[in-house]
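Subject: Structure handover

Hello,

Here is the structure for you to look at. My notes follow below it.

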Amino acid sequence: MESVLKIEHMSKKFDDLIVLEDINLSIDKGEVVVIVGSSGCGKSTLLRCINGLEDIDEGQVLLDGETVNPGNRNLTKSREKIGMVFQSYDLFPHKTILENAILAPMKVQKRSRKDAVEEAMRLLDRVGLAERKDSYPRQLSGGQKQRVAIVRALMMDPEVLLFDEVTAALDPEMVREVLDVILDLAKQKRTMLIVTHEMSFAKAIADRILFLDDGRIIEDSDPKEFFTSPATERAKRFLRTFEYEK
Amino acid sequence: MGFEVIFKGKNFIRLLSGLCVALRISVISVAISIVLGIVVGMLMTLKKPVINAVTRVYLEIVRIMPQMVLLFIVFFGFTKMTGSNLSAELSSIIVFSFWGTAEMADLVRGCLISIPVIQYESSKALGLSRLQTYVYVIIPQIIRRLIPLSINLITRMIKTTSLIMMIGIVEVLKVGQQIIEANRKSAPKAAFGVFAVVFLLYFLACWPISCLSKYLEKKWEN
Amino acid sequence: MDPEIIREYIPIFTQAFILTVKIGWIGIALAFLIGVLCAFTTYFKIPVAAAAVRCYVELFRNTPLLVQLFFIYYGLPAVGIRISAEVCGAIGLGLLGGSYMTESIRSGLEAIPVIQTESALSLGMTNGQLFRDVILPQAFTISVPGIVANVIFLLKETSVFSAISLMDLMFTAKDLIGLYYNTMESLFLLVIFYVIMLLPVSLAGTLIEKKVRYRMFGD
């Protein structure tokens with residue numbers, strides 16, 4: 001398998017607090033990697049460092065062998081190839097659903113409006129929102145907004161997709177519709193890096209699970225193995241928090 | 001540059017006492033505005049059609065009529081209509097209170113309707129009476145929002161009082177003109193110095209109050 | 001009130017009205033221009049210039065227009081800077097309004113959440129595209145009510161132009177009252193002309209606020 005995204009010896013500090021320490025990671029094309037860990041372990045920061053929203057202190061991030069972070073002069077070019085969907089609904093509130101989807105392709109990739117609209121409609125249809133194309137974000141439910149955010153990221157045809165707890169702010173009954181879209185993407189062999197708290201979803205979608213603790217990857221394993229017999233005590237304790245016992 | 005005139009004789013004291021006239025009128029007008037504004041603001045939340053119509057017209061008048069025009073109407077119009085003389089100072093207090101009350105009422109109304117219904121409901125659920133709800137729950141919340149805004153009204157009032165020279169009250173600008181006039185020969189450049197100082201005096205009167213208002217607004221922002 | 005006198009005064013007031021409106025709107029246009037420039041300066045934290053803008057805004061927001069006009073019109077000629085009353089009126093209003101516009105526009109810019117910037121950047125947009133297509137349209141919508149309020153405030157402030165001998169509405173009214181004692185007729189026309197000047201703006205302002213909000217956010 002050919003490696004798409006490579007992280008080498010990446011470290012990140014906020015003032016004196018070490019958030020990420022010596023992260024090494026290689027992700028293959030079409031691989032779905034899920035990152036789990038308790039809150040504050042650095043999962044979100046890891047994603048943000050990958051597409052250069054945060055500067056890193058040491059190491060580097062490579063996409064197709066080219067440096068993304070740190071100090072890439074073509075950062076915007078690399079970001080085109082790394083799509084990201086955030087936890088909070090980050091749609092542009094002043095644009096309709098369709099306009100949200102076509103803004104970046106038209107401005108950044110200079111694609112024609114006709115071409116962009118065609119693809120947007122195809123993708124919106126796929127996530128079941130073609131009819132809402134002229135609605136504004138605030139007329140949509142949280143789950144619908146997240147599906148649009150995914151479409152917007154897909155419009156750039158990124159090589160890697162980053163999902164930062166995209167269901168964490170949703171009502172429980174809306175989680176499913178968003179996760180189904182992501183599952184669909186996995187079937188299309190999209191390369192994805194997913195941070196989530198939904199363990200059953202992680203189990204279902206992941207080719208590989210990373211367990212992050214205190215800014216370090218302490219487990220990198222097959223999902224079946226991770227969920228049935230985690231190697232470390234920390235991971236065992238983490239997984240136990242999801243079980244209820246009387 | 002004409003600054004020397006300011007410290008000649010009693011000139012600076014005269015300028016300051018001119019400013020005091022403006023400040024006195026502002027303070028009186030603000031005090032009246034706050035009291036009346038709270039009453040009118042509360043009336044506006046009652047949702048009575050007649051009150052609503054009257055207050056809306058009142059607010060719109062204040063919104064579009066320059067204070068200067070109102071000042072002329074009261075000062076010249078009243079004298080003409082009744083034949084008796086209304087002093088310039090009383091006229092300005094009437095006008096500024098009329099204006100300030102509207103501003104204040106709108107603020108009070110805004111604060112009152114911004115209190116979520118759940119606050120009233122949960123007070124009721126706790127068994128508080130209507131009066132207790134107001135005294136212990138609603139009013140403390142309103143005061144925190146209202147104080148910075150009413151302080152802000154003071155600076156706007158002070159700035160507006162500069163208009164009173166136009167109906168003949170001797171305040172700081174007028175005193176400035178008199179000083180320039182008296183020293184026309186000896187200090188031809190006095191106009192620059194004097195008006196620069198007046199500019200600065202107004203700034204020194206308003207700026208600290210603006211800062212206080214901003215500070216309190218930030219501090220009490222949840 | 002004598003309708004005959006009112007009829008006689010209408011042309012005089014109309015002339016004064018045109019002058020007031022003209023200088024008022026020139027001043028407002030100037031204020032908007034200054035506001036945009038200054039707000040961008042503070043938003044992008046341009047060194048020195050941003051600090052200068054802060055001083056300017058504080059200075060002009062905390063002093064009355066009348067005092068500003070006195071300084072420009074009577075004070076500056078004493079040191080050799082002479083400007084006509086009309087230009088002085090427009091500049092004074094522009095400077096006062098500029099400080100208010102700066103605050104309205106700046107607060108709109110600062111109200112846009114960071115996540116908007118981040119999501120635009122993660123789509124590969126450049127800083128320029130981000131500012132033009134994402135930040136600016138949203139910020140403008142948020143600023144509109146403030147800008148409308150400023151426009152109304154500035155139009156009202158035109159009433160102090162008479163202090164620098166501009167033949168505006170106030171000057172005309174005061175003049176006619178002083179000369180002929182036709183107080184009620186003059187005051188009546190004064191009010192009518194200010195209503196003509198401001199009521200449409202006030203109503204249009206409310207409408208624009210609603211329209212812009214609807215177009216931008218769909219509610």
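How much area is buried between chain A and chain C, and what share of it do carbon and sulfur atoms give? About 2,100 Å² is buried, and carbon and sulfur atoms give 59%. Buried area here is the accessible area (1.4 Å probe) that two parts lose on being put together, summed over both. Phe92(A), His94(A) and Arg138(A) supply 26% of what chain A buries against chain C, more than any other three residues.

First, the ground rules. This is a predicted model: local features need pLDDT of at least 70, side-chain atom pairs count only at pLDDT 80 or more, and totals for chains, interfaces and linings use all residues. Residues are numbered from 1 along each chain as its sequence is written, chains are lettered from A and ligands numbered from 1 in the order in which they are written, and side-chain values use heavy atoms, without hydrogens or water.

Back to the interface. Chain A brings 27 residues to the contact and chain C brings 23 residues (contact: heavy atoms within 4.5 Å). The rule finds 2 salt bridges across it (a side-chain nitrogen of Lys or Arg within 4 Å of a carboxyl oxygen of Asp or Glu). Arg48(A) and Glu118(C) form a salt bridge through their side chains, at 2.4 Å, N to O.

Now chain B. Ala102(B) sits in helix 4 (residues 88-114); helices are DSSP runs (H or I, at least four residues). Ala102(B) has a relative accessible area of 3%, so it is buried (under 20%, 1.4 Å probe, protein chains only). Beyond its neighbours within four places in sequence, Ala102(B) touches Tyr58(B), Leu59(B) and Val62(B).

Best wishes

Terms used. Helices (H or I, at least four residues) and strands (E, at least two) are DSSP runs, numbered from the N terminus. Buried means under 20% relative accessible area, exposed over 50%, partly exposed in between (1.4 Å probe, protein chains only).
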